[in-house]
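Thank you for having me this morning.

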Amino acid sequence: MNEIETRIIDINIDAIRNKMVELKLKVVKKENQINDIYDFEDRRLLNNKGYARIRTIESLLDNKTYYYMTVKKLLSQEKYKVMDERETIISSGSEGKRIFEALGLINVSSIKKYRESYKFKNSLIEIDINDTSFCPFPYIEIETSNEDELKEIVEFLGYTMKDTTSKTIYEILNDKGVKGL
C-alpha cells in the first residue's frame, strides 16, 4: 500500500486536542509504542530512506499488546512523503526479531513513543510524543491516500501546507541539530 504522509512540527498539543474535540473526531488509538528499527550492518535500508521495523503496541484503549512487522521504502518526497509500506500483525515481537535476524538484519535502534490518533474520513491525524532522547518535540503526522483530504485536514487544524514537511523524522532531527540514528 502507498500512503501519503506529512508532518507538522512544533505543535501545541493542547490546542490540537481541543481542535479534535471541536471537530468531534473519534479517538482510534492511544498507545505506547516501542519501535525496533532493523537494517543491515551497512545501513543500506536507512541510507536509501527505508527500514524494517518490529512495533510493539501497548493499547491504552483496550489494554492489549500488539506486534507488527513492517518494511517501508520512501518512493517520493517531492510534494509529500510517499511510502511503500508492507505490514502484518505477528504473534510475538521476538519471533519477528528472529525472522529479521535470519535475513541478516540487526537492531539499530529502539524508539519509544506515545501516539494518539484520530480518524478523519479515511485519514489518520496522529499526535506523536517521542522519548525525548530521540526526538525532543511533539509533532502531528497525517496519513492518508487522498491528497484533497490531506489539505482539508491541514486547514481544519489551523495550518497551511507551508507548515507541513515531507521530510523524514531523521531529516527533521538533523535540521534541528538533534542526533538521530
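Which residues does S166 touch, not counting residues up to four places away in sequence? S166 touches T6, Q77, K79, Y80 and K81, where contact means heavy atoms within 4.5 Å.

Before I continue, please keep in mind that this is a predicted model, in which local features need pLDDT of at least 70 and side-chain atom pairs count only at pLDDT 80 or more, while totals for chains, interfaces and linings use all residues. Residues are numbered from 1 along each chain as its sequence is written, and side-chain values use heavy atoms, with hydrogens and water left out.

S166 sits in the loop between helix 4 (147–156) and helix 5 (169–175); helices (H or I, at least four residues) and strands (E, at least two) are DSSP runs, numbered from the N terminus. S166 counts as buried because its relative accessibility is 13%, and buried means under 20% relative accessible area, with a 1.4 Å probe and protein chains only. The side chain of S166 also reaches the backbone oxygen of Q77, at 3.0 Å.

Now to the sheet: eight strands close into a barrel in the order 1-5-4-3-2-6-7-8, with antiparallel pairing, and two strands pair if DSSP finds at least two bridges between them. As one example, strand 3 (residues 50–59) and strand 4 (residues 65–76) pair in the antiparallel sense over nine bridges, and the bridge partner of A52 in strand 4 is V71.

How values were computed: Buried means under 20% relative accessible area, exposed over 50%, partly exposed in between (1.4 Å probe, protein chains only). A polar contact is a pair of N or O atoms within 3.5 Å; within protein, one must be able to donate a hydrogen and the other to accept it, and residues adjacent in sequence count only if both atoms are side-chain atoms.
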